Amino acid sequence: MATPGAPLVAPVPLVWRLVTVVEVVDETPHARTLALDVPDWPGHVAGQHLDVRLTAEDGYVAERSYSIASAPEDARVALTVERIDDGEVSPYLAGELVVGDQFEVRGPVGGHFTWRAQDGGPLLLVAGGSGLVPLMAMVRHRAARASGAATELLVSSREREAVLYRDELERLASAEDGLNVVYTLTRSRPAGWSGYARRVDAPMLAEVGPAASASPRVFVCGPTPFVEAVADALVSLGHAAENVHTERFGPTGG
Amino acid sequence: MPPFSRGFHRRPPREDVDPSRVPPGQYVVNDFPVLSAGPTPRPKLDEWSFSVQGAVDGAASWTWEELNALPQETFTVDIHCVTKWTKLGTTWTGVSVDTLMDGVATEAEYVSVWADGGYTTNVPLEDLRDGKAWVVHTFDGEPLEPAHGGPARLLVPHLYFWKSAKWVRGLTLTVEDEPGFWENAGYNNYGDPWREQRYWGD
Amino acid sequence: MEEERGAAARDATVLDGNAIAALLGEIFGGSEMTSATRGCGSCGQSHPIGEHRLYRGAGLVLRCPGCGDVALVVVERGGEAVREVQLLGRWQVAVG
Ligand SMILES: Cc1cc2nc3c(=O)[nH]c(=O)nc-3n(C[C@H](O)[C@H](O)[C@H](O)COP(=O)(O)OP(=O)(O)OC[C@H]3O[C@@H](n4cnc5c(N)ncnc54)[C@H](O)[C@@H]3O)c2cc1C
Ligand SMILES: [Zn+2]
């Protein structure tokens, strides 16, 4: 645990930077990764996010937060945005934008919901839907630094097609370097599915582990109701509140 | 002005609205956004009461059943949130503040409205009288959802919507004006949407 | 306290202090504030700012995750370079 009040990341000048989209990758039918060229990128810590600012021609401005998906070691900064159908910003970022388009970001920000290889393990990462994004930055960072920290990643998704970074996660898990990935599909399952098929609950968390007695650092991210439910279940299993880090993405049906 | 983002637009405004019903700086929404300064309380109705108290002769209090036994009014009004959305033609049922103040004598000119969860907002008494304000428990014919202030909220449609305290439990009449939660934090003491009184000094 | 938690659990629109990391950075001159802690005068607990609950009403309200006590209220004056800020409780802010 860090000393209370000690900064985990250096202060950053909160300037808006004009970024350019250099690559667009469809991750799922509803989510898209944007690789960005960010001038004077100060570097980031896995788990941090950016504020995105869009300005319409009539001067109307919209701001939203997006977690950084890429590891600090990656050459490019990447965001992954899930499209909310009646949303104002996400359909633009995950639909309208093409390579070469520009928008503004500021950050990286946030020093609480972060993990660095030197923080060590064991780790329990629990993701609901697009809440996987900042946890993926941690998993990628872990791999880039060959950290070997014992890590359980529990991914909750509506269906298999909606799971972000599926192939990459399979590849990372197959390295057998201490990362274990477990899925639960809450809405529909492919034939022969042998993984979990319900919302994350205390018995599932107990099975996945690590147990509270191992004092894992726990990171939970996703829609607000998901995070509330998982955090309550973790506390009921005896995890100390100060080991449980949460990041709520806001309202959603998922 | 920051550089603009190609192809990004605000949500298209509704076209079928009468512009004379939309106060300056507002836009019309179809949905009903949920805004809140704190967690949603879930009071038990058999422990719920509504009271008129403070600088009054004859403080009064009603249980849930008693409130529902008072004369009810159903009415349709437009509501205006200081965060700039306006919702037209919302239909509510409840008890007018006139009915609640009937038989309560007071010299006080101000009201501190208070609610479960500790929220307060201040309104001049005359802005709650003469058919200008209600304690409502029904929206569009359905019991008011907790997220929107149920079991009951104040409704003062001619002022910005933060004055229409959710989860309202009582009116405290005060001789001096006592700024409430948002009024203390920088929002306008009165909050007339037609004069765009959003912040201190507006 | 348990009741407060339970109530918050049903509020689907709540965020946490992490979401306003940039805003807090602006208010505190660039400091990283989500890992700073706040000692709550109401329940006596200390929690990182990043774990506080963020409610969005007319303005922003940050509350103690232990008891719901108000930690911060921010009102943005649209279109003006002024922001109204109320800070409550004991904020432990790292210096240097
Ligand atoms: C710290 C932080 C990090 C985030 N990181 C990511 C990320 O990496 N990837 C990502 O895709 N999103 C992320 N989000 C969510 C993101 O900021 C936006 O809230 C989301 O993209 C919706 O914006 P919108 O403008 O499309 O929808 P809005 O126009 O704001 O909302 C439209 C409708 O969708 C509902 N809605 C709003 N937000 C959500 C939501 N999150 N889920 C479902 N329904 C919603 C609203 O209630 C409303 O009815 C993050 C949020 C926070 C606070
Ligand atoms: Zn407290």
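Two residues are in contact when they have heavy atoms within 4.5 Å of each other. Keep that in mind as you open this predicted model, in which local features need pLDDT of at least 70, side-chain atom pairs count only at pLDDT 80 or more, and totals for chains, interfaces and linings use all residues. Residues are numbered from 1 along each chain as written, chains are lettered from A and ligands numbered from 1 in the order written, and side-chain values use heavy atoms, with hydrogens and water left out.

**Stop one: chains A and C**

Select chain A and chain C together. Here 31 residues of chain A are in contact with 28 residues of chain C. The buried area (the accessible area, with a 1.4 Å probe, that two parts lose on being put together, summed over both) is about 2,200 Å², and carbon and sulfur atoms give 52% of that.

Now look for salt bridges, meaning a side-chain nitrogen of Lys or Arg within 4 Å of a carboxyl oxygen of Asp or Glu. This interface has 2 of them. One to zoom in on pairs C:Glu26 with A:Arg106, whose closest N and O atoms are 2.5 Å apart. On the chain A side, the elements that give two or more residues are β3 (49–55), β6 (102–109), α5 (224–236) and β11 (244–248); helices (H or I, at least four residues) and strands (E, at least two) are DSSP runs, numbered from the N terminus.

**Stop two: the zinc site in chain C**

Next, select ligand 2, a zinc ion. Which residues coordinate the zinc ion? They are C:Cys40, C:Cys43, C:Cys64 and C:Cys67, each through SG, at 2.3 to 2.4 Å. Donors are N, O and S atoms within 2.8 Å of the metal (3.2 Å for Na, K and Ca); water is not among the atoms, so sites may look incomplete. The angles among the 4 donor atoms run from 103 to 116°, making the site tetrahedral (four donors with all angles between 85 and 135 degrees). Along the chain, the spacing of the donors is C-x2-C-x20-C-x2-C. C:Cys43 sits in the loop between β2 (37–39) and β3 (46–48) of chain C, and C:Cys64 in the loop between β5 (60–63) and β6 (70–76), so this pair ties together parts that are 21 residues apart in sequence.

**Stop three: chains B and C**

Show chain B beside chain C. In this interface, 18 residues of chain B are in contact with 21 residues of chain C, and the buried area is about 1,700 Å², with 55% from carbon and sulfur atoms. Highlight B:Pro39, B:Trp182 and B:Tyr199: they supply 31% of the area that chain B buries against chain C, more than any other three residues. The interface has 1 salt bridge, where B:Asp202 meets C:Arg77 at 3.8 Å, N to O.

**Stop four: details within the chains**

Return to chain A and select A:Arg145 and A:Glu73, which form a salt bridge at 3.6 Å, N to O. This pair links distant parts of the chain, 72 residues apart: A:Arg145 is in the loop between α2 (132–144) and β8 (151–157), and A:Glu73 in the loop between β4 (61–67) and β5 (77–82).

Finish with some backbone details. Most residues other than glycine have a negative phi, and most peptide bonds are trans. A:Gly107 and A:Pro108 are joined by a cis peptide bond with omega about 10°, and A:Pro108 lies in strand β6 of chain A. In chain B, the bond from B:Gly150 to B:Pro151 is cis too, with omega near 15°. Last, B:Lys84 has a positive phi, near 95°, in the loop between β4 (73–80) and β5 (85–96) of chain B.

How values were computed
Tetrahedral: all angles 85-135°; square planar, octahedral: opposite > 155°, others 65-115°.
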